[in-house]
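User: I would like to learn how to read charged pairs and metal sites in a model. Can we go through them one at a time?

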Amino acid sequence: MSQIKHSAKPGEKDQLILILDSKDLKSNFLSKEEIAFVKEAVANKRFLVQFNNEGKLKLVIVSEEQSGWKLSESLRKAGAKSLGILNENGKESVSIITEIAHNALAFAEGMALANYSFTKYKSKPKENSLKTIRIVSKNIDAKSIQNLSIIIESTYLARDLVNEPHSFLTSLQISEEFKKISKKAGFTIEVWNEAKIASQKMGGILAVNKASKIPPTFNILEYKPKNAVNKKPYVLVGKGVVYDTGGLSLKPTPKSMDIMKCDMAGAAVVAGVMNAVAKMELPLYVIGLVPATDNWIGENSYAPGDVITMYDGTTVEVMNTDAEGRLILADTLHYAKKLKPELVCDFATLTGAAVRAIGSYATAVLGNADDTIKTSIFESSYAVFERLVEFPLWEDYAKELKSEIADMTNLGKGEGGQISAAKFLEHFTDYPWMHFDIAGPAFIDSVDSYKTAGGTGVGVRLMVDFLSKQVAKK
Ligand code: BES
Ligand code: MN
Ligand code: ZN
């Protein structure tokens, strides 16, 4: 992990990155010859120019004629690219020099996000060389740099949790991780064990956990600062299936079960966002809820055709044990009712259908929150470039969940499966609610700019941006 610092001038040994405006190509850090070279490059549509004077790298980034989120995103990508060059050359520190604070932050964000690596299980870890990112800009406040550092740390934290295999990260261990995070960040946590979950009759969680050797946990994370601007909490729910075999409706291995340690990516979003709001000391009352279990297979497995009774009393005919996420989320969404929430946002690697619909480049979003909330969520989506595609919650899809013998089934048609899954969840809500199906973007098989291979932490930056902006709106 690299540290982001604020500084009046570049460090002695720093490599330099200059972010210049194409209309104003000048810098105290460039010679006349270098400026001429940059101008020529820009004329040829090259916007990243590299100088190497006796081992000292100078990278010049010229912001193209863009503005707003397009500019921010191209700077994040340029940050990731520059990071690659610095690490390849074994450089340890860099100064980003620009007049425009916003540009420096986006560039540093891309750089720091790209500098993530998960080396815990390598016996000879190859650490990235870059350790210090200095932002040299007159017009920047310490607070925005501190907040950026917290957002990076929180995204790293979510990536770490997703990258941890089930051999370490069980339903019990994820609670231990939450406890560590809560202590350091300054929020509280309550963990329900199997006996408590059973006494509450959380039938969805118990059914999914039935074949497991490891008991489920129900995790309640709470951040309630004295100066909170809201009385009703913002509630974040995260699917915490620490491993999904599919159960008796067993998954095939390649590109399916082999990546199913990622099925708690929603839980990782909740942990990352709780970490960020507490560390940023946002004056906001936020609660995180995570039901955690694996979806195992064994002699005690729940079976297709079984009827289970959910926490809210609804009976569900389980037509496919691989549609387990909605069962544990349903109990959690029912629990959220008694919190009288302002808004509930759930994050879940819920359906292959979402992946087939939009691939790994966006999150499928469905919900019934009012238009001001939706607009605000979409604004944040652009601000952080975590793209969302909204799908409808039409009643037609609820019809697919009709059961002959129970109140409903857990299995809709294959087509538009991300929608029938959301309709199932909707049944257990009675408050403004948004559902984020992150099955596509949560876990990627190879690096994509500042998104490293494996867990991406998608959802964390989106929610932190959204919640930060709610403070001002209250
Ligand atoms: N965890 C999976 C969804 C998933 C797929 C996550 C790909 C990440 C990448 C979920 O529990 C699941 O198995 N969903 C089934 C539901 C179906 C049986 C209705 C699916 O989408 O195939
Ligand atoms: Mn499944
Ligand atoms: Zn799953």
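User: With which residue does Lys58 form a salt bridge, and how far apart are the closest N and O atoms?

Analyst: This is a predicted model. Side chains of opposite charge can pair when their charged atoms come close. Here Lys58 pairs with Glu34 in a salt bridge, with 2.9 Å between the closest N and O atoms. Lys58 belongs to strand S4 (residues 56-63) and Glu34 to helix H1 (residues 32-43), so this pair ties together parts 24 residues apart in sequence.

User: Are Lys58 and Glu34 buried or exposed?

Analyst: Lys58 and Glu34 are both buried.

User: Which residue does Arg76 meet in a salt bridge, and in which helices do the two lie?

Analyst: Arg76 meets Glu109, at 2.8 Å from N to O. Helix H2 (residues 68-88) carries Arg76 and helix H3 (residues 101-114) carries Glu109, so the bridge ties together parts that are 33 residues apart in sequence. Arg76 and Glu109 are both buried.

User: What does the salt bridge of Asp448 look like?

Analyst: Asp448 forms a salt bridge with Lys451, and their closest N and O atoms are 3.8 Å apart. Asp448 counts as partly exposed because its relative accessibility is 31%. Lys451, at 25%, is also classed as partly exposed.

User: Which residues do salt bridges with shared partners join into one network?

Analyst: That network consists of Glu73, Arg76, Lys77, Glu109, Glu386 and Arg461. In total, the structure holds 24 salt bridges.

User: Now the metals. Which protein atoms are donors to the manganese ion (ligand 2)?

Analyst: The protein donors are Asp244 (OD), Asp322 (O), Asp322 (OD) and Glu324 (OE), at 2.1 to 2.2 Å from the manganese ion (ligand 2). Along the chain, the donors follow the spacing D-x77-D-x1-E. Glu324 is buried, with a relative accessible area of 1%, while Asp322 counts as partly exposed at 23%.

User: How should I read the angles at the site of the manganese ion (ligand 2)?

Analyst: Ideal angles at a metal are 90 or 180 degrees for six octahedral donors. The six donor atoms of the manganese ion (ligand 2) give angles of 70 to 168°, and the site is irregular. To count as octahedral, six donors need opposite pairs over 155 degrees apart and all other angles between 65 and 115.

User: Which residue bridges the manganese ion (ligand 2) and the zinc ion (ligand 3)?

Analyst: Asp244 bridges the two ions, which lie 3.1 Å apart.

Definitions and conventions
Residues numbered from 1 in each chain as written. Chains lettered and ligands numbered in written order. Predicted model: local features only at pLDDT ≥ 70, side-chain atom pairs only at ≥ 80, totals over all residues. Heavy atoms only, no water. Donors = N, O, S within 2.8 Å, 3.2 Å for Na, K, Ca; no water. Tetrahedral: all angles 85-135°; square planar, octahedral: opposite > 155°, others 65-115°. Buried < 20%, exposed > 50% of the residue type's maximum accessible area, 1.4 Å probe, protein only. Salt bridge = Lys/Arg side-chain N within 4 Å of Asp/Glu carboxyl O. Helix = DSSP H or I, 4+ residues; strand = E, 2+ residues; numbered from the N terminus.
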